[in-house]
Amino acid sequence: MRKQVAIVGSGIAGLSLAHELSCFGIGSTIIERFPLPGGNAARFACKATDSCQRCGACIVQDYVSKVFACEDICLTCGSEVMDSLRTDSGFRLQILERPAFIDPNLCSKCGICKKVCPSPNAILVDPFTGSFFINYPECLISSDMPCVACEQACPEQAINLALTPERKELDVDAVAIATGFEPFDATAKSRFGYGRVPGVISSLDLEDRLRRGAFDHLDEENRPKSIAFIQCVGSRDVKIGRNYCSRVCCGYALRSARLMKFKFPEMKICMFYMDIQTFDRDFENRIAAARREVNLVRAIPSEIRQGLNGKPEVLYNGAEDEAIVEEFDLVVLSIGMGAQTLVPGGVLESLSTTQKSYASGGGAFGDIQPAGAFLVGSVSEPKSIQESIEDSIIVASQIQTYLGDSQRGGNVD
Amino acid sequence: MPRINLNELDPSFKFRVAATRGGEGLQACYACKACTAACPIEKTVKRYDPRKIIRMALLGMTKELLESDFIWLCSSCYSCAEVCPQDVRFTDIIFAIKNLASQEACAPGGLVAQRGLLKDHGRLYEVSDFENEKRIKLGLPPIVEHPEDYNSLL
């Protein structure tokens with residue numbers, strides 16, 4: 001019989017693992033909680049200047065297309081693993097599958113539903129296809145509020161909020177947990193003023209603006225003339241239990257900075273760091289190029305506050321040991337990666353990584369890896385897009401070996 | 001800037017500081033300068049730079065640190081400890097360095113004299129008969145010194 005693997009999460013790790021498994025002739029079901037595939041990596045913007053900067057953001061869409069085209073892969077968005085049990089041959093998962101409240105065949109993508117929706121993140125737009133989705137956890141009906149604003153406003157009658165979720169059972173031979181990471185909530189470092197000082201944004205907010213082309217649409221007067229990047233926000237910080245390097249922030253901040261400089265050469269860009277750690281193969285060239293374009297300042301600011309004219313002010317100690325209060329139009333906090341708090345239910349829950357095990361590296365999985373369950377991607381430790389794909393390739397072959405062994409009746413426990 | 005002679009450095013000094021109460025976090029420092037940026041003393045006295053003091057301790061500049069006047073300038077406001085991502089707790093480190101300096105008889109004369117006053121009188125200002133007579137005239141009870149209370153704390 002054909003082997004089946006359940007993959008929890010459709011981020012870059014889940015997608016690439018499904019693709020790798022299909023190359024081995026192993027079928028898979030991807031269970032994605034969000035209404036859209038792609039996970040965190042789908043939120044990133046391409047950072048190519050006049051040449052590719054190897055950020056990897058475009059690879060995600062490639063994999064989404066590959067997965068859609070592959071017959072061996074079943075992608076179920078808007079579903080969650082509520083419970084999981086061990087069976088003789090593998091795992092039995094209880095899956096809650098939410099309906100697509102918006103009928104894609106009727107929807108004319110007019111966007112009226114998004115305008116009338118009282119919840120800011122409840123209706124999402126697929127950045128690639130422009131289709132609309134209802135993000136159930138953010139929608140008011142998830143907290144039992146009888147809101148039908150979108151349903152009534154839809155001119156095509158494409159929305160039906162009365163649809164109920166279905167419970168399904170899925171028997172699989174192996175499970176791969178690819179639930180990824182959770183971006184650090186920058187409000188937890190209150191001295192950097194995120195959510196309090198206007199003009200202080202997180203790097204994910206910047207990715208979002210870059211992807212929407214928000215800076216290109218601004219005229220020269222409203223465009224920020226100076227940008228500060230603050231590194232290690234939510235990384236290498238003992239006090240918040242994150243004494244580890246998130247590995248990706250230096251890379252993406254340098255790429256974003258160089259992209260901004262390329263688009264708007266008159267822009268003044270400062271990057272505040274404690275030390276630059278990137279793991280890309282052409283790091284030396286990149287840092288040399290960045291030094292010409294970006295003012296790299298080795299100092300972590302003590303505070304970011306709102307200046308008298310409303311712009312953010314950064315307080316730091318300069319290269320000449322002088323106390324500096326510098327005003328910027330935009331401050332970008334390079335937030336790090338944290339362990340995923342949303343975990344599948346049942347026996348798989350105990351395998352999931354906690355913040356503590358994330359900090360010590362490797363995850364709770366380490367020595368007690370139970371047969372048939374695998375961790376893939378950034379669920380166990382911070383990984384870049386590239387590293388997640390590499391991890392998928394390794395895990396795919398591990399799964400193949402495992403399934404081959406269990407087929408021959410070998411001792412797997 | 002005075003030259004540093006490597007032969008005069010004391011590589012074991014950092015271990016001495018780390019072994020003193022409060023100095024444990026010394027070797028965790030990333031030198032990110034957040035403490036310096038937050039320090040109110042550094043704003044007026046440039047010689048007092050928390051990051052540099054940590055560097056000096058790590059390099060083993062024992063003499064320069066212990067015999068300096070600037071290690072006594074800390075206001076113990078804990079701003080540095082508040083902003084430090086590595087939980088180095090610089091305020092406690094500077095306490096440890098000051099304790100080491102006291103042990104090596106490097107404390108400033110004024111502080112040593114104050115300590116003597118505390119030891120002998122249990123307070124920083126000696127209360128003599130002159131003050132007590134005045135107090136009695138004003139109908140106030142005389143102040144009796146209890147230096148033994150202070151000494152029991154030591």
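Predicted model: local features only at pLDDT ≥ 70, side-chain atom pairs only at ≥ 80, totals over all residues.

Reader: Great! In what order do the strands of the sheet in chain A come?

Author: The order is β3-β2-β1-β9-β20 in chain A, five strands that form an open sheet with parallel pairing.

Reader: And which are the edge strands?

Author: Those are β3 (73-77) and β20 (373-375) of chain A, each of which pairs on one side only.

Reader: How are neighbouring strands turned against each other?

Author: By 20 degrees on average, with direction ignored.

Reader: Let's look at one pair. How many bridges join β9 to β20 in chain A?

Author: Three bridges link β9 (residues 174-177) of chain A with β20(A), and the two run parallel. Within that pair, A:Leu375 of β20(A) is the residue that A:Ile177 stands opposite.

Reader: Nice. Switching to chain B: how many helices and strands are there?

Author: Chain B has nine helices and zero strands.

Reader: Why is chain B described as more spread out than a compact globule?

Author: Because its radius of gyration is 20 Å, well over the 15 Å that the globule rule gives for 154 residues. Along the principal axes, the C-alpha atoms of chain B fill a box of roughly 60 × 30 × 30 Å.

Reader: What domains does the assignment give for chain B?

Author: Domain 1 of chain B covers 6-103 and domain 2 covers 109-153. Their C-alpha centres lie 34 Å apart.

Reader: How much of chain B counts as buried?

Author: That is 29% of the 154 residues of chain B. As for contacts in chain B with a separation of 6 or more, 65% of them are between residues 24 or more positions apart.

Reader: Where is B:Lys33, and is it buried or exposed?

Author: B:Lys33 sits in the loop between α1 (13-19) and α2 (34-38) of chain B. B:Lys33 is buried because 26 other C-beta atoms lie within 10 Å, and the cut-off for buried is 20 or more.

Reader: And where is B:Tyr78?

Author: B:Tyr78 is in the loop between α4 (62-66) and α5 (79-83) of chain B. With 15 C-beta neighbours inside 10 Å, B:Tyr78 counts as partly exposed.

Key
Residues numbered from 1 in each chain as written. Chains lettered and ligands numbered in written order. Pairing = 2+ DSSP bridges. Helix = DSSP H or I, 4+ residues; strand = E, 2+ residues; numbered from the N terminus. Axes fitted to C-alpha atoms, helices over the stretch in contact; angles between N-to-C directions. Domains from an automatic or database assignment. Rg over C-alpha atoms; globule rule 2.2 N^0.38 Å. Buried ≥ 20, exposed ≤ 12 C-beta atoms within 10 Å, placed from the backbone. Contact = placed C-beta atoms within 7 Å.
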